[in-house]
Amino acid sequence: MSFCKDCIKGVTHEGTPKGKWETIGGISCYVTTPSVVLYISDLFGAHIFIVTIWVYGPNIDFQLLADDFAQNGFKTIIPDYFDGDPVPADALNPGSDFDLMGWLKNHGVEKSRGPLEVVVSELKSQGITIGATGYCYGGRFVFDFAFKNDISVAVCSHPSFLKAPDDLEKYEDTSKAPLLLNTCTIDEQFPHSAQEMADKIFASFEPGYRKEYWEGCQHGFAVRGDMSDPKVKAGKEGAFKAAVEWFQTNL
């Protein structure tokens with residue numbers, strides 16, 4: 001298991017997060033809720049929206065993204081499944097000697113899945129319907145939860161560590177969760193060959209399937225894309241809009 005070079009590239013965005021840190025099932029989570037009360041009865045009541053994160057953990061980019069989902073009526077939760085030890089933001093800087101593969105040995109998929117399972121189990125015990133969206137590393141976990149039908153709706157943007165066609169076929173065979181994939185032009189983790197397989201495998205997927213393709217974007221665009229690039233800006237904003245619409249339609 002390894003990352004591509006674009007897994008640790010990107011731009012840190014600016015803003016002030018509006019949510020707060022809470023503990024769910026003993027796991028620290030960034031939680032942000034709708035500020036417009038009108039949305040609550042329609043979309044918030046029974047629906048919790050879990051944002052699974054990539055290697056940078058619940059940093060400001062993800063907190064701002066979660067706040068944006070909350071503004072669209074979803075209570076949004078980002079579990080800290082790296083136990084306070086995400087890849088540091090300065091790992092992006094030129095000349096950084098951060099040992100990503102050494103970090104990965106302590107935060108592999110099996111170890112990182114545990115905290116997410118705790119949070120999902122706690123929410124399910126409360127009778128809550130869960131939608132999930134995953135970016136990069138988080139896409140792996142969205143598929144895993146969809147396999148077990150622990151989530152009701154799934155969105156993956158530039159997912160990592162998926163095996164094509166195996167995971168795609170397993171999803172089609174086992175999951176009842178409608179699936180949205182946000183894909184892009186340059187993505188070593190989910191390349192064009194995998195994107196084409198997905199279109200074929202999910203062509204008749206009864207719960208629902210949609211793939212968005214963002215021309216001129218590369219892996220990571222949906223969270224840490226360079227907003228000074230018109231194509232990346234359109235991709236990041238478009239991927240977010242597609243995700244919101246997918247949840248509004250299917251949750």
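**Labels and the values behind them**

Mentor: Let us begin with H158, which is found in the loop between β6 and α6; helices (H or I, at least four residues) and strands (E, at least two) are DSSP runs numbered from the N terminus. This is a predicted model, in which local features need pLDDT of at least 70 and side-chain atom pairs count only at pLDDT 80 or more, while totals for chains, interfaces and linings use all residues. Residues are numbered from 1 along each chain as its sequence is written, and side-chain values use heavy atoms, with hydrogens and water left out.

Trainee: Is H158 buried or exposed, and how do you know?

Mentor: Buried means under 20% relative accessible area, exposed over 50%, and partly exposed in between (1.4 Å probe, protein chains only). H158 has a relative accessible area of 0%, so it is buried. Its phi is near 35 degrees, a positive value in a residue other than glycine. In the loop between β6 and α6 we also find F161, which has a positive phi of about 65 degrees although it is not a glycine, and which counts as buried because its relative accessibility is 12%. P165 belongs to that loop as well, and a cis peptide bond with omega of about 10 degrees joins A164 to P165.

Trainee: What puts G84 and M227 in their accessibility classes?

Mentor: G84, in the loop between β4 (75–79) and α3 (100–106), reaches 56% relative accessibility and therefore counts as exposed. M227, in the loop between α8 (221–224) and α9, stands at 29%, so it counts as partly exposed.

Trainee: Why is α5 described as largely enclosed?

Mentor: The description follows from the count, because 11 of the 11 residues of α5 are buried, and the helix is thus largely enclosed by the rest of the structure. Among them are the charged residues R140 and D144 as well as Y137, F141 and F143. For the protein as a whole, 53% of the 251 residues count as buried.

Trainee: What makes a group of residues a nonpolar core, and which members of the largest one touch the most others?

Mentor: A nonpolar core is a set of buried Ala, Val, Leu, Ile, Met, Phe, Trp, Tyr and Cys residues joined through side-chain atoms within 4.5 Å. The largest such core has 44 residues, of which Y137, F143, I151 and Y171 touch the most other members. Helix α5 (residues 137–147) gives the largest share of this core, 7 residues. Apart from it lies another core of 26 residues, including L65, I78, L180 and F221. In soluble globular proteins, nonpolar side chains tend to be buried together.

Trainee: Which label does the pair α6 and α7 receive, and why?

Mentor: Helix α6 (residues 166–174) and helix α7 (residues 192–201) pack at about 20 degrees, with their axes 10 Å apart. That makes α6 roughly parallel to α7. L168, E169 and E172 in α6 meet A194, M197, A198 and I201 in α7, and by class this contact has 5 nonpolar, no polar and 2 charged residues.

Methods: Axes are lines fitted to C-alpha atoms, for helices over the stretch in contact, and angles run from 0 to 180 degrees between N-to-C directions. Angles under 35 degrees count as roughly parallel, over 145 as roughly antiparallel, 65 to 115 as roughly perpendicular and the rest as oblique. Contact means heavy atoms within 4.5 Å.
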